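User: Please take a close look at one residue in this model. Then set it in the wider chain.

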Amino acid sequence: MITPDALGYLPETPSQTAGPFVHIGLIPRQAGFEVFENNIGTIALTPEAKGERIRIQGRIFDGTGAAIRDALVEIWQADSFGRFNHPADDASAPRDAQFRGWGRTGTDFETGTWSFATIKPGRVARRHGEGSLAPHILVWIVARGINLGLLTRLYFDDEAAANAEDPVLRLIEQPERRRTLMARRVPGADSTYVFDIHLQGAEETVFFDV
């Protein structure tokens, strides 16, 4: 069998970052293409899903403070009972079959804003009866200039007691860095939380190595 290594002259394919065609492949409707019959998008729930309806939104900033207008954002979260829509989640709490729990969007080409309509997640039980995690949403980001997707967590600033007990937040040694993971509830708004993400700089968001 002839392999590239055996030939000895084929160079390794260079690594690439997510380029401008990521929208066409993953969120074609935003790029102006109607490709899929069912577009996966910014609504992570069905009308029958249980729980408090919320909207999460924000912008992504680079190291210079400029808003990134062509990033891809995905979320993955538990339902209002604290269960993920995945067969590997074997917790004893009920599961809301009407909650999708996953969404994908891009930042707006003009404003750089991303947003999702979802529900506020419940507390996820830890394994072996070791308590529970604070309500949170997993956020994954892909953009030009990023070799690997960046994973972070969105917590809620009005869940102070639960946040103080969360083992993941407590792993972050500098308390001031924990606030980069807090989505702030907008006063007077209809259950809207703002979560801005900073890729670099003094306000850099905490990202997780998974």
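Thr-205 is found in the segment after strand S9 (197-198). Helices (H or I, at least four residues) and strands (E, at least two) are DSSP runs, numbered from the N terminus. This is a predicted model: local features need pLDDT of at least 70, side-chain atom pairs count only at pLDDT 80 or more, and totals for chains, interfaces and linings use all residues. Residues are numbered from 1 along each chain as its sequence is written, and side-chain values use heavy atoms, with hydrogens and water left out.

Is Thr-205 buried or exposed? Thr-205 is buried, because its relative accessible area is 0%. Buried means under 20% relative accessible area, exposed over 50%, and partly exposed in between (1.4 Å probe, protein chains only).

Which residues does Thr-205 touch, leaving aside neighbours within four places in sequence? Thr-205 is in contact (heavy atoms within 4.5 Å) with Thr-152, Arg-177, Thr-180, Leu-181, Asp-196, Ile-197 and His-198.

Now the wider chain. The protein chain has five helices and nine strands. Along the sequence, their pattern is α-α-β-β-β-β-β-β-α-α-α-β-β-β. The protein chain has 210 residues, and 40% of them count as buried. Take the contacts in the protein chain with a separation of 6 or more: 65% of these join residues 24 or more positions apart.

The surface comes last. The protein chain exposes about 12,200 Å², an area from the Shrake-Rupley method with a 1.4 Å probe, where for residues only the protein chains shown count as cover.
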